[in-house]
Amino acid sequence: MTSRRGDDHGRPGSDPYRELLDEDCIMAFPAPVGLLRGRSVIIRSLQGVPRWEHLTISEKVMSRIGENFIVLGYLAEARRAEGEPYAACCTSTYHGVGADWKLIQHQHTPVD
């Protein structure tokens, strides 16, 4: 999957992003960001951060834990407009109740 960001869809602070994050979501990013907890903290910390211009996702794996949890793992390779390439192994954990799924955890481990 490859995407090019040219609009605000999925940008931090947009309604779809707010709706995706659980109120107590935890995210772990490389330094200097580190650990973030809570929807409002996460959205505030990502305001003004340049978006990825190109994103390729590969090596996708999924594990379903019971009826209400899904863990996704993948390799993300991306580049910002004027930045160096970035690659990370990522995990995202979702909790679902009925048709309503929320992101409860997201983590990046940079790959050299």
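I started at the β4–β5 hairpin, where three residues sit between the two strands and Gly 66 in the turn has a positive phi of about 65 degrees. Strands here are DSSP runs of E, at least two residues, numbered from the N terminus.

This is a predicted model, so I kept to the rules: local features need pLDDT of at least 70, side-chain atom pairs count only at pLDDT 80 or more, and totals for chains, interfaces and linings use all residues. Residues are numbered from 1 along each chain as its sequence is written, and side-chain values use heavy atoms, with hydrogens and water left out.

Next, the pairing (DSSP must find at least two bridges between two strands). β4 covers residues 52-65 and β5 residues 69-80, and I found them antiparallel over 11 bridges. I looked up Trp 52, and its bridge partner in β5 is Arg 80.

Then I moved on to β5 and β6. Four residues make the hairpin link between them, and the pairing is antiparallel over 11 bridges. Leu 75 has Cys 89 in β6 as its bridge partner.

Last stop: Thr 93, which lies in β6 (residues 85-97). Is Thr 93 buried or exposed? I noted buried, because its relative accessibility is 12%; the cut-offs are under 20% for buried and over 50% for exposed, with partly exposed in between (1.4 Å probe, protein chains only).

For contacts (heavy atoms within 4.5 Å), I skipped neighbours within four places in sequence and got Ile 70, Val 71, Lys 102, Leu 103, Ile 104 and Gln 105 for Thr 93.
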